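Colleague: I'm new to this one. Could you walk me through how to read it, feature by feature?

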Amino acid sequence: MKKDIALYLGSGGARGYAHIGVIRELERQGYNIKFISGSSMGALIGGLYASGKLDIYEEWVLNLDPIDILKLVDFSFKKGGVIEGEKVFNIIADMIGNPNIEELSIPYVAVATDIKSKQPYYFTKGSLVEAIRASIAIPTLFTPVIKNEMVLVDGGLCNPLGIIQPTDSNLYTIAVDLSGDKNINKDFQLQNSDKNKFVKKIHDFFQAKKVASQKINSVQIIQDSIETMQKIISDAHLEKIKPDLTIFIPGNLCQFYEFHKAEEVIYYGTQSAKSSLLKSFS
């Protein structure tokens, strides 16, 4: 088994915390990440790892409570998104500094989508923070990034798994899919249950106008539509490209906005990686 790998990290909102657990387990088992690419949350975690700042980020998110999450929400008065995203990205920028992608210790690619040309855009050089900001810009939720007349949004619209041909074709390829079909186990569901009254505030924030007949809010409809599309595209990519190993994280692990659940989701990522590696190489 080759220990040098290319790692592809998929999109999926707060489920992206699972990427941290996967990376930690790969490191524990002696794998060397020689190339990393990602879409949306995968681009964020991949960029933090490539810049050597994942430890700082992990410590930060593990200490976030629901009130902290609410304080990071900055409403946008611009067209194109409900949330500006500057508060959280200022914190991330402080963690990362201002490196260019070509200066990172390992090759890294962030995937975004240019909605004007309807084509993917691959950040392989330039500002790491700008690349992450563009890749994670969920349509209608976060404001897009304007770059050279392009309107860049979430990379998950075109390449949800962030699969890019690595610079070294001999690398063993591992993808992390955050839209898996497998149901989460009961033990995790009990551990992950919310009893904090402030959690309701987060849910209420995303409760836009109700669709009366269905009792579904409009933000949830948009997000569920995006995730449905991403799952279909992910399944098609996996069928066509076939990474050497795919680690599946259940799509129902948590809601896309439940960023206060870092500890549980990171743990689930660790266990999923451990199980997948054991089954693949036993």
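Predicted model: local features only at pLDDT ≥ 70, side-chain atom pairs only at ≥ 80, totals over all residues.

Colleague: Which residue stands opposite Gln 119 of β5?

Modeller: That's Asp 114. The hairpin of β4 and β5 has four residues between the strands, and there Lys 118 has a positive phi near 60°.

Colleague: Which other strands does β4 join, then?

Modeller: One is β2, residues 32-39, which runs parallel to β4 and is linked to it by four bridges. As an example, Ser 39 has Val 111 in β4 as its bridge partner. Another is β8, residues 150-154, antiparallel to β4 with three bridges. Here Asp 114 turns up again, standing opposite Leu 152 of β8.

Colleague: How do I work out where the side chains of a strand go?

Modeller: The general idea is that side chains in a regular strand alternate between the two faces of the sheet. In β4, Tyr 108, Ala 110, Ala 112 and Asp 114 point one way, while Val 109, Val 111 and Thr 113 point the other way.

Colleague: Is α1 enclosed or open to the outside?

Modeller: Largely enclosed by the rest of the structure, because 10 of its 12 residues are buried. Among them are Tyr 17, His 19, Arg 24 and Glu 25, and Ile 20, Val 22, Ile 23 and Leu 26 are buried as well. After α1 comes Gly 30, with a positive phi near 85°.

Colleague: What about a loop residue? Is Thr 143 buried or exposed?

Modeller: Thr 143 sits in the loop between β6 (140-142) and β7 (145-147). Its relative accessible area is 4%, so Thr 143 counts as buried.

Colleague: Which side chain does the side chain of Thr 143 make a polar contact with?

Modeller: With that of Arg 133, at 2.9 Å.

Notes: Residues numbered from 1 in each chain as written. Heavy atoms only, no water. Buried < 20%, exposed > 50% of the residue type's maximum accessible area, 1.4 Å probe, protein only. Helix = DSSP H or I, 4+ residues; strand = E, 2+ residues; numbered from the N terminus. Pairing = 2+ DSSP bridges. Polar contact = N/O pair within 3.5 Å; in protein donor to acceptor, adjacent residues only side chain to side chain.
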